[in-house]
Amino acid sequence: MKLPIYQLDAFTNQRFGGNPAAVVILTNWLPDSTLQAIAQENNLSETAFIVARSDDFELRWFTPLVEIDLCGHATLASAFVLFTHGYTTQSQVVFHYKDGTLTVKQEGDLLVMDFPARLALPIACAAKLVEALGALPEQVLQARDLLVIFATQDQIQQLQPDFTAIAKLDVFAIIVSAPGTDCDFVSRFFAPRAGITEDPVTGSAHCTLVPYWSERLNKKKLHARQLSQRQGELFCEDAGERVMIAGRVVEYLHGHIYL
């Protein structure tokens with residue numbers, strides 16, 4: 001069996017920036033063990049798998065260790081592949097995933113994703129969290145992930161987390177965030193329990209970040225940066241129960257998997 005595979009850098013306009021994702025095109029779903037093995041072999045933060053269904057597409061995402069419930073950068077990369085390599089002639093694609101439907105449309109050189117908002121609620125700051133991050137935050141909130149707010153961009157850049165300690169916390173991932181110096185807000189994302197110590201750029205985290213910063217800054221349209229080593233840029237909009245997350249994609253490679 002020969003499967004088309006693409007590797008792309010998402011949320012960037014520069015190759016070797018943003019977040020790399022693999023996209024694999026299937027005609028039908030393979031066993032989960034095979035999908036997981038492919039993701040492990042790729043050893044990227046996420047591998048997306050796509051199956052065409054009439055005019056729409058089914059979409060799933062795997063880290064090297066587990067299947068995850070939502071992934072932004074690999075969805076952006078998947079849409080880029082469909083638009084660029086002739087898998088669709090439409091200007092918008094519809095993805096069906098475990099929890100519903102996602103759409104991605106073209107707007108100039110940007111791809112705009114329509115994602116569910118994930119509102120975070122304030123919680124107490126645990127001593128183990130402070131110890132794991134090595135710094136005391138201003139505020140802690142929880143949605144699927146912990147959202148940990150600091151005062152300045154410098155604090156976000158200077159964090160040196162203890163990933164072993166983070167992996168012991170009862171949470172999928174930790175988002176750290178602060179106001180930006182040349183954008184509305186900045187963030188970093190740590191998910192060692194999912195096999196990702198630090199994710200370069202995390203679209204799904206912005207399902208939580210956008211509602212928080214929209215309310216705090218009293219603005220609907222937001223410009224965001226993720227401050228990983230590779231860095232990434234996102235253009236977001238708070239739409240109530242949904243968030244719009246836009247970015248650019250650069251293709252790195254195209255080949256085949258042999259099974």
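Buried means under 20% relative accessible area, exposed over 50%, and partly exposed in between, with a 1.4 Å probe and protein chains only. By that scale Y252, at 42% relative accessibility, counts as partly exposed.

The model you see is predicted, so local features need pLDDT of at least 70 and side-chain atom pairs count only at pLDDT 80 or more, while totals for chains, interfaces and linings use all residues. Residues are numbered from 1 along each chain as its sequence is written, and side-chain values use heavy atoms, with hydrogens and water left out.

Y252 sits in strand β18, residues 249-258. (Strands, E, are DSSP runs of at least two residues and helices, H or I, of at least four, numbered from the N terminus.) Together with F16 and L253, Y252 makes a nonpolar surface patch of about 320 Å². Patch residues have over 30% relative accessible area and no salt bridge, and nonpolar side chains (Val, Leu, Ile, Met, Phe, Trp, Tyr) are joined within 5 Å, like charges within 9 Å.

**Charged pairs**

Side chains of opposite charge can pair when their charged atoms come close. Here a salt bridge is a side-chain nitrogen of Lys or Arg within 4 Å of a carboxyl oxygen of Asp or Glu. The whole structure has 16 salt bridges, including these:

| Pair | N to O distance |
|---|---|
| D69 and R118 | 2.9 Å |
| R248 and D109 | 2.7 Å |
| R242 and D114 | 2.7 Å |

The last pair in the table links distant parts of the chain, with R242 in strand β17 and D114 in strand β8, 128 residues apart. R242 is partly exposed, at a relative accessible area of 26%.

Now to D69 and R118, whose side chains meet in a salt bridge. D69 lies in the loop between β5 (67-68) and α2 (73-84) and R118 in the loop between β8 (110-116) and β9 (121-123), so this pair ties together parts that are 49 residues apart in sequence. Is R118 buried or exposed? R118 is buried, with a relative accessible area of 16%, whereas D69 is partly exposed at 26%. Both belong to a salt-bridge network that also takes in R144 and D145.

**Inside**

A cavity is a set of points on a 1 Å grid over the protein atoms alone where a 1.4 Å probe fits but cannot get out; lining residues have an atom within 4 Å of a point. The structure holds 1 cavity of 30 Å³ or more. The largest cavity has a volume of about 80 Å³ and is lined by 14 residues, with E46, I68, F189, T202 and S204 nearest its centre.

Technical notes:
Accessible areas come from the Shrake-Rupley method with a 1.4 Å probe; for residues, only the protein chains shown count as cover. On a 1 Å grid over the protein atoms alone, a cavity is a set of points where a 1.4 Å probe fits but cannot get out, and a pocket is an open set with protein on both sides within 12 Å along at least five of seven lines; lining residues have an atom within 4 Å of a point. Grid points are joined across faces, edges and corners, and a volume is the space filled by probe spheres set on the points.
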